[in-house]
Structure formats: structure tokens, C-alpha cells
Amino acid sequence: MTPWFWKEESQRLWFFIAIYTIILLAVFLTLPKDYISYYILGGKLADMSQTPQRIKNGSTKAEIESITQVDQLLTWDRYSSVTVDDTTNKHNSGISTEATSAAISTAPPTSVTTLTETHNRGTSGAPTTQASTCKDPDLDLIRNNNRFVCCQPVGGLGNNMFIYASCYGLAAYYNRTLVFPKSSMLTKYFKLNAHIIQDNCACNSAKFYLEKYNCGMDPALLNLSPKENIKFGYYLQSWKYFVNVMDDIRRQYTLSNTTLSKARDIISKLSIEHQQRTKRLFKKQPVLVGIHVRRGDINSEARLIKFGYELATPGFFSHAMQYFRKKYAHVLFLVCSLEMDWTKWYVTGDDIIYVEGNEFITDMAVLLSCDHTVTSVGSFSWWVGFLNGGETVYYQWPAREGSELRKQFSANYSDYFLPEWIGLK
């Protein structure tokens, strides 16, 4: 006897369609959620592991969203779009080791997130198949010798300088050799005392330790007992990570003689022009104070404002200049900034020279050639203050109270600003 659903041709067609739909639905429901999202979104995989800061395996959705937001905003800095091959002249954006060790020993224990970083999502452990495609000539050397510290540079010049210095300090602390990728712009401007690799994939097998604060020191990173190669991330913006090697870092961050000579020529030329313009002749060599003014996207992008970035105010620059004017009889300020229209309106005086039209590394050399420094906000400003060697006056409120950015700093900013620096508002 023929079943009722088989008597008519149209009924047979609908029967096959129903069976086929059930099979497709069953297969689709067995796919991982990432692949379901991929097809639903028309091929745009909703995979949070591709954010600038690779998400920890096993993170909750809330943790992923939080880390991703912080990552995207903190990756920003003044020179974030400058690459090693950039040829334009546009900018982008006194405590002892013992004292620091004592502070670390009294700090409450904190958890450290660890994982073996891979390029694919999955469980931590041995390198994934991605590692087998790594062509770096030092891959076997690093993978077979557990005596290396790795790091992953992100962001622009100032961020890269923090990451290298902190990883170098941690490598010295653990008596290991720092591995650093050639792709970082630092290798173009400085002579680094690290094992330079062609591709950071050589560090894929290293065990990863994530900082608790992006702009503060995490004591847990100095209380590890690693038996394998280790990798630190991501921003490590605290001088306490490299307090044990500060002089070494200053030597490594010495600019080339060519760059410094160019900066001195610029200062000499502008100083002569300034004297001719103002008819102001100094009886002796004036004290030079470099001022770095940072504004740009902090002032215009809603996401950065919401996140908590603050700008140095006109009042701050006025107070900072008055500090040096009262201290020295003959002072001359050299001002570097991308935002010269704003700067020339609010940072004024007949003892000011505006330095314009140079590459960012030349601006850094000009500021480092001064006797003292006034910094505003951002990691570029911070490193100018650190490397200058004279007095550093800084804007003491870089993050809005209660904001997400403020949570990335220690309670009183002491992990970020050096204790001998002078904070003004």
C-alpha cells in the first residue's frame, strides 16, 4: 500500500525538502558558536581573539568586552601610525632598587593570568600548527632553551619604549635574555641590547603573563617561578619594572649623533632668529626648557574622552613656565607640538620658540637637548622627561577620576610618574 504522502508528485517533493531541511539544521547546530556567528553575520567572524590584545583562553564574555575596550583605547598614542618605514615628517599621534623590592614584598598577593599564546583559538599548551609554519631562523634556539623573555610591541613610539624597557628590566630580574622583534620602530632609532628576531612567531611557545594594570606595576610579575620561556604583556607602563636597569635603558635609548646634531643646529638657528625678532640678547647662555604639548585626538574623539583621557590645561603650561622663570634669570622655552594653532594661542611669551615641521624623532632630540622639560600627557612626553636628565614638570591629572583609564593607574600615580618629578595642575 502506498503511503499517503507518496501519492502525489508535489507531496513527494515536500517530503524530500523537509528531510533535507532537518539534516541541514542538525549539522548547523553542531557547529561551534564562532562559525554560527560567521554565517549569520555574512562571513564576518565574531571572534574576539583578533583584537589588538589577544584574549585569554577561557575568558568570560564580560572579561573579553572589558579587555577589548581597554586594549583598543590604550593602543592609541601620539605616534600610533608611525611605522619603521615611515618617511613623512608628520606626527601621529631617585628611588633605589631595594626600596622598590620592599614595596613589592609588602604588596598583597595578586593572581597572574597565564597561557601559552597561540595564533588559533583553543586550549593553551604546546604550539599550534601555526608555530610549525614560523620561518624565523631562531625558532629552534628559543623553543629549545628556556632562558628567554619575550614581549609584543604595540602602539607607537612611546608605547614601544615602555614595553621594551619593562621587559628588559624583567629579563634582567629573572637573569634571562630579552628577545625583541625587528619590526618594532625602536630598532630603527636605538641600539638595543636584546636578541633581535625577524618574526615574533619564534616566541609562540613562551608562557604568557598578563599585567594587572596597564599603567601601574603588578607585583605578581616579579614573583614568578618560571621553568619555561616567558612572555609579558601588554603595556607595562611603570618605571618600577625597570628600576634595576635605568642607567642601561638611558644608554640604549641614546639617539644617533646625526639626529642629535640636527637638533642642535635647529636650536641654534631658531635661537638666533628669536634674538633678532625680539631684540632680546642674553648676557650668558640661557637655560633651555623643552615643552611638549599633546592634544589631537584626545580632544576630538568621543571614545577617548569617555574612556577618561585628560588634556593638560593652559593654566598648567602657565604655571610650569612660571616655575622655571622664577628659578632662572635667563630661560628660553622650546615648544614642540602637532597642535601649533592651539599652542601659539595659549602657550605664549617673548621667551618662547615654537619648533615646527620636523619628524617626531627630531622633535624628541630637540627636547632632549634642553636642560629641563615640561611634559603634558602621553607616553612620548613621559620618555622625554625620563631621558632628558634635568628637572621634569608634568601634568599631574592625566586621567579623569572614576574613569576606566584611571583604573589602569595606581592609586596615587606613583607607579607611573617618577618620585623626583614635579607635578602641577
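Guide: In this predicted model, the torsion about the S-S bond of cysteine 150 and cysteine 203 is about -75°, so this disulfide is left-handed. The sulfur atoms of cysteine 150 and cysteine 203 lie 2.1 Å apart. A disulfide is a covalent bond between the sulfur atoms of two cysteines. Here the bond links distant parts of the chain: cysteine 150 belongs to strand 2 (residues 148–151), while cysteine 203 sits in the loop between strand 4 and strand 5, and the two are 53 residues apart. Both ends are covered. Cysteine 150 is buried, with a relative accessible area of 0%, and cysteine 203 is buried as well, with a relative accessible area of 1%.

A search of the whole structure finds two disulfides, and the other joins cysteine 134 to cysteine 201, with the sulfur atoms 1.9 Å apart. The link of cysteine 134 and cysteine 201 is right-handed, with 65° about the S-S bond. This pair, too, links distant parts of the chain. Cysteine 134 lies in the loop between helix 5 (129–132) and helix 6, and cysteine 201 lies in the loop between strand 4 (195–197) and strand 5 (207–210), 67 residues apart. Cysteine 134 counts as buried at 10% relative accessibility, and cysteine 201 counts as buried, also at 10%. When the bonded cysteines of the protein chain are numbered in sequence order, the pairing reads 1-3, 2-4.

What keeps cysteine 167 from a bond with the closest cysteine sulfur? That closest sulfur belongs to cysteine 151, and at 3.4 Å it is too far for a bond. The cut-off for a disulfide is 2.5 Å between the sulfur atoms. Cysteine 167 counts as buried at 0% relative accessibility. Cysteine 215 is likewise counted as buried, at 4%.

Helix 6 covers residues 139–143, and within it aspartate 140 and arginine 143 are three residues apart, a separation of about one helical turn. An α-helix has 3.6 residues a turn, so residues three or four places apart point the same way. The side chains of aspartate 140 and arginine 143 meet in a salt bridge, 3.1 Å from N to O. Aspartate 140 is partly exposed, with a relative accessible area of 44%, and arginine 143 is partly exposed at 35%.

The structure holds 10 salt bridges. Another of them brings together the side chains of lysine 269 and glutamate 273, 2.8 Å from N to O. Lysine 269 and glutamate 273 both lie in helix 10 (residues 257–278), four residues apart, about one turn of the helix. Glutamate 273 is partly exposed, with a relative accessible area of 33%.

A further salt bridge joins the side chains of lysine 344 and glutamate 356, at 2.9 Å from N to O. Lysine 344 lies in helix 14 (residues 340–346) and glutamate 356 in the loop between strand 9 (352–355) and helix 15 (360–368), so this pair ties together parts that are 12 residues apart in sequence. Lysine 344 is partly exposed, with a relative accessible area of 38%, and glutamate 356 counts as partly exposed at 42%. Helix 15 itself is mostly covered, as nine of its nine residues are buried; among them are Phe360, Asp363 and Leu368.

The structure holds 35 aromatic pairs. In one of them, the rings of phenylalanine 316 and phenylalanine 317 have their centres 5.2 Å apart and their planes at 65°, so the pair is edge-to-face. Phenylalanine 316 and phenylalanine 317 are both buried. Tyrosine 394 and phenylalanine 417 form a stacked pair, 3.9 Å centre to centre with 20° between the planes. This pair links distant parts of the chain: tyrosine 394 in strand 11 (residues 392–395) and phenylalanine 417 in the loop between strand 11 and strand 12 (422–424), 23 residues apart. Tyrosine 394 and phenylalanine 417 are both buried.

Finally, the setting as a whole may be described. The protein chain contains 16 helices and 12 strands. Of its 425 residues, 49% count as buried. The chain exposes about 21300 Å², and carbon and sulfur atoms supply 53% of that area.

Definitions and conventions: Residues numbered from 1 in each chain as written. Predicted model: local features only at pLDDT ≥ 70, side-chain atom pairs only at ≥ 80, totals over all residues. Heavy atoms only, no water. Phe/Tyr/Trp six-rings, centres within 6.5 Å; stacked < 30°, edge-to-face > 60°. Buried < 20%, exposed > 50% of the residue type's maximum accessible area, 1.4 Å probe, protein only. Areas by Shrake-Rupley, 256 points an atom, 1.4 Å probe, with all protein chains shown as cover. Salt bridge = Lys/Arg side-chain N within 4 Å of Asp/Glu carboxyl O.
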